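Please examine the structure shown here, together with its sequence.

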Amino acid sequence: MSHALITVDKAFQIGDVPRRLFGSFVEHMGRCVYTGIYEPGHPSADAQGFRTDVLRLVKDLGVSVARYPGGNFVSGYDWQDGIGPVAERPRRLDSAWHAIETNEFGLHEFVDWARLADVEIMQAVNLGTRGVDEARKLVEYANHPGGTELSDLRRANGAEDPFGIKLWCLGNELDGWWQLGHKNADEYGRLAREAAKAMRTVDPTIELVAVGSSGHGMPTFGTWEHTMLQHAYDQVDYVSLHAYYEERDGDAESFLGTGVDLDGFIESVVSTVDAVRAAGKHRKRVHLSFDEWNVWYMRDQEHRDDSEANVQKGPWREHPRLIEDVYNVTDAVVVGTMLHSLLRHGDRVRIANQAQLVNVIAPILAEPDGPAWEQTIYWPFARMAAHARGRILRTAVDATQIETKKYGGVDAVDVSATFDEETGELAFFLANRGLGEPAEVSLALNGFDDPRVLGAEVLTVPESGDRFTANTIDRRDVGMRPLDADIEDGLARTVLPPLSWAVLRIAVAPAR
Ligand code: AHR
């Protein structure tokens, strides 16, 4: 049995829980859009062709914001291909994913879908093959009320009211050699600055995300952010981070330590951003947008392989099956710890988007003409989106250590916590990284009176399975189950099974 004593104090708070931390990502890639969220002819499709079975799962997941339309896709995309009468929209080659884009689904369809799903839109502009003028025009088309050619075109296309899109990404992963229109940091910094200025002439209220490194393993990581921000600091509000992890060579211990790596990545970007702020004598703070994160078994997948130079083979097809990773119990625990890391840094990471939403490295799988279901990684996201409310609490952890090859000793128990003053509810999100040992957890609740357990649930290895168990089209063995928890001598206590992720909710007395 391993042990953990976790201490929180009502006075030690990190900041508000940013609702945009529970974001997702809808890219025109593989089957995320086509046969994912959109499939006319599917038994559950509504009049617009949106799959209502998927929509229900998206709503239950609690997604707050969705990035669209890419990803690598956006760097070769012309948004004007996706508006107007569907029958007149062009079929195009999508060079990012070696696919045929029919443009049946475009901006208006996404806006309609997002309204139904109750998610905010985070719209990316193409700064790869296109640039300042196209970005400016898209803001005008989307957000200007009317009386100009572009805004009147939107109205003629059926949207009388402006879309009012607040959040915009200035391109995608332009530091990466694989990206169409790849640039160096000086080129990108100047372009981001000019695009931002132009977009804000149309709508000064928008918030802008500049492209950071597409991974902290990139050779230019750090210098890219520094150089780019020297050009664009005053014009942008956020810098993006992207990170994908996978279990390699059976090293589950290191994989389960992913959150430690993520903490370091986030803190490095915060330092770099703040160094530019200090040197440039800027008053405002630039925050972080972790707009792609997840587990992704990309080892066998080519798009980052330099030797292949992003040349994909085979015929051009509509919405081919791409990176439809099937997630197991270990992946779900890792995703839980990634969410903990994001939440613990919620004072600086103000936006985060799990990549992606449906079918493509996604919490939801949907078969064409068939069912849709929750992958294992769905559950930590859904529970945190539902229960992380109010203020983020600082957590002090004294836990048994697990030795890992990559990160040295890591805490056997990982945690994040929130307190909602309005409802008087504390929420603890807990992971036991131990593969074979249960973990006895005690929680000291300083400054909170009369604690009472409201409920506890856990996701772990099912009786009939092992740590590789996944949910499939005909079996969903991995989900949330009730967990015992109690309060004794003012300490909350529970025992986490080996390899598990849990949520523990506690009611406390209202402030006097
Ligand atoms: O999410 C899949 C891809 O990963 C995105 O298109 C790209 O931005 C990243 O490399």
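This is a predicted model: local features need pLDDT of at least 70, side-chain atom pairs count only at pLDDT 80 or more; totals for chains, interfaces and linings use all residues.

**A guided reading of the model**

Glycine 71 is placed in the loop between β4 and β5. Residues are numbered from 1 along each chain as its sequence is written, and side-chain values use heavy atoms, with hydrogens and water left out.

The peptide bond from glycine 70 to glycine 71 is cis, with omega near 15°. Proline 69 also has its place in the loop between β4 (65-68) and β5 (92-94), and the peptide bond that leads from tyrosine 68 to proline 69 is cis, with omega near 5°.

Rings of Phe, Tyr and Trp (its six-membered ring) pair if their centres lie within 6.5 Å; planes under 30 degrees apart count as stacked, over 60 as edge-to-face and the rest as tilted. The structure holds 18 aromatic pairs. In one of them, phenylalanine 110 and tryptophan 113 are stacked, at 5.8 Å centre to centre and 20° between the planes. These two residues are three apart in helix α2 (residues 107-117), so about one helical turn separates them. Phenylalanine 110 is buried, with a relative accessible area of 0%, and tryptophan 113 is buried with a value of 0%; buried means under 20% relative accessible area, exposed over 50% and partly exposed in between (1.4 Å probe, protein chains only).

Tryptophan 177 and tryptophan 178 form an edge-to-face pair, at 5.5 Å centre to centre and 90° between the planes. Tryptophan 177 counts as partly exposed at 29% relative accessibility, whereas tryptophan 178 is buried at 7%. Ring pairs also build a cluster out of Tyr34, Tyr38, Phe50, Tyr68, Phe105, Phe110 and Trp113.

Isoleucine 361, in the loop between β13 (349-354) and β14 (364-366), is a residue other than glycine with a positive phi, near 35°. Leucine 499, in the loop between β26 (491-496) and β27 (500-507), is not a glycine either, yet its phi is positive at about 45°. On a 1 Å grid over the protein atoms alone, a pocket is an open set of points where a 1.4 Å probe fits, with protein on both sides within 12 Å along at least five of seven lines, and lining residues have an atom within 4 Å of a point. The largest pocket has a volume of about 500 Å³. Of its 24 lining residues, the closest to its centre are His216, Tyr244, Tyr245, Arg248 and Lys406. β10 (238-245), α7 (252-256) and α8 (258-279) each supply at least two lining residues, and β10 gives the largest share, four residues.

Notes:
Grid points are joined across faces, edges and corners, and a volume is the space filled by probe spheres set on the points.
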